Amino acid sequence: MSDARIYEPSAEAGQRPALTSILRGFNCHCPSCGKGKLFYRFLKVADNCPECGEELHHHRADDAPPYFTIMVVGHIVVPMMLWLEVAYMPPIWVHVAIWPLLTLVLSLWFLPRLKGATVGWQWALRMDGFGAKADTQDI
Ligand SMILES: [Zn+2]
């Protein structure tokens with residue numbers, strides 16, 4: 001017996017726009033209003049949105065943002081590294097100088113954005129406690 005109703009919003013609560021919520025999260029803003037800051041430190045999600053008061057502490061991003069970050073950064077860095085090697089065959093010190101630094105910079109740039117997108121997606125799907133109450137404002 002399927003219990004697909006778990007991840008669907010209740011009829012009275014209404015739908016939340018997933019793409020908009022994900023993009024707001026990717027921009028490190030509240031998935032509900034798009035104005036308040038999502039993080040109060042580098043990767044610490046604020047308990048409530050400072051603008052609209054939406055409860056954000058319900059998120060359960062866990063290991064998803066690092067997984068997405070590794071996937072995205074890997075798909076950027078590895079092809080570039082292979083292309084450089086095949087096209088120019090530079091000495092090994094060139095690879096050592098470029099790729100670890102680029103990987104670190106890209107990872108630090110993508111990680112909070114992908115965590116924000118994950119939180120936005122969870123909010124849109126009303127996962128965990130995000131669907132406990134009906135929306136009080138237009139989205
Ligand atoms: Zn907000």
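Predicted model: local features only at pLDDT ≥ 70, side-chain atom pairs only at ≥ 80, totals over all residues.
Is arginine 126 buried or exposed, and how many other C-beta atoms lie within 10 Å? Arginine 126 is buried, because 21 other C-beta atoms lie within 10 Å; a residue is called buried if 20 or more other C-beta atoms lie within 10 Å of its own, exposed if 12 or fewer, and partly exposed in between, with C-beta atoms placed from the backbone. The residue is found in the segment after helix 3.

Residues are numbered from 1 along each chain as its sequence is written.

The protein has 3 helices and 0 strands, where helices (H or I, at least four residues) and strands (E, at least two) are DSSP runs numbered from the N terminus. The order of elements from the N terminus is α-α-α. Of the 139 residues, 24% count as buried. Two residues are in contact if their C-beta atoms, placed from the backbone, lie within 7 Å. Among contacts between residues at least 6 apart in sequence, 60% join residues at least 24 apart.

Helix 1 comprises residues 18-26 and includes glycine 25. The buried residues of this helix are Ser21, Ile22, Arg24, Gly25 and Phe26, and helix 3 is included in what covers them. Glycine 25 counts as buried because 30 other C-beta atoms lie within 10 Å. Beyond its neighbours within four places in sequence, glycine 25 is in contact with Pro31, Leu38, Gly116, Ala117, Val119 and Gly120. Just after helix 1, cysteine 28 takes a positive phi of about 65°.

In the loop between helix 1 and helix 2 lies aspartate 62, whose phi is near 50°, a positive value in a residue other than glycine. Aspartate 62 counts as exposed because it has 9 C-beta neighbours inside 10 Å.

Helix 2 (residues 64-88) has 25 residues and reaches 36 Å from its first C-alpha to its last, close to the 36 Å expected at 1.5 Å a residue; the expected span is 1.5 Å times one less than the number of residues. A bend of about 30° occurs at glycine 74, taken as the angle between axes fitted to the seven residues ending there and the seven starting there. Pro65, Thr69 and Val73 are buried in helix 2, and helix 3 is included in what covers the buried residues of this helix.

The axes of helix 2 and helix 3 come within 8 Å and cross at roughly 145°. Such axes are lines fitted to C-alpha atoms, for helices over the stretch in contact, and angles run from 0 to 180 degrees between N-to-C directions. Residues that meet across this pair include Phe68, Val72 and Ile76 in helix 2 and Trp99, Leu106 and Phe110 in helix 3.

In soluble globular proteins, nonpolar side chains tend to be buried together. A nonpolar core is a set of buried Ala, Val, Leu, Ile, Met, Phe, Trp, Tyr and Cys residues joined through C-beta atoms within 7 Å. Of the 16 residues in the largest such core, Leu38, Leu56, Ala117 and Val119 touch the most other members. Helix 1 and helix 3 (92-124) each supply at least two residues of this core, and helix 3 gives the most, with 7 residues.
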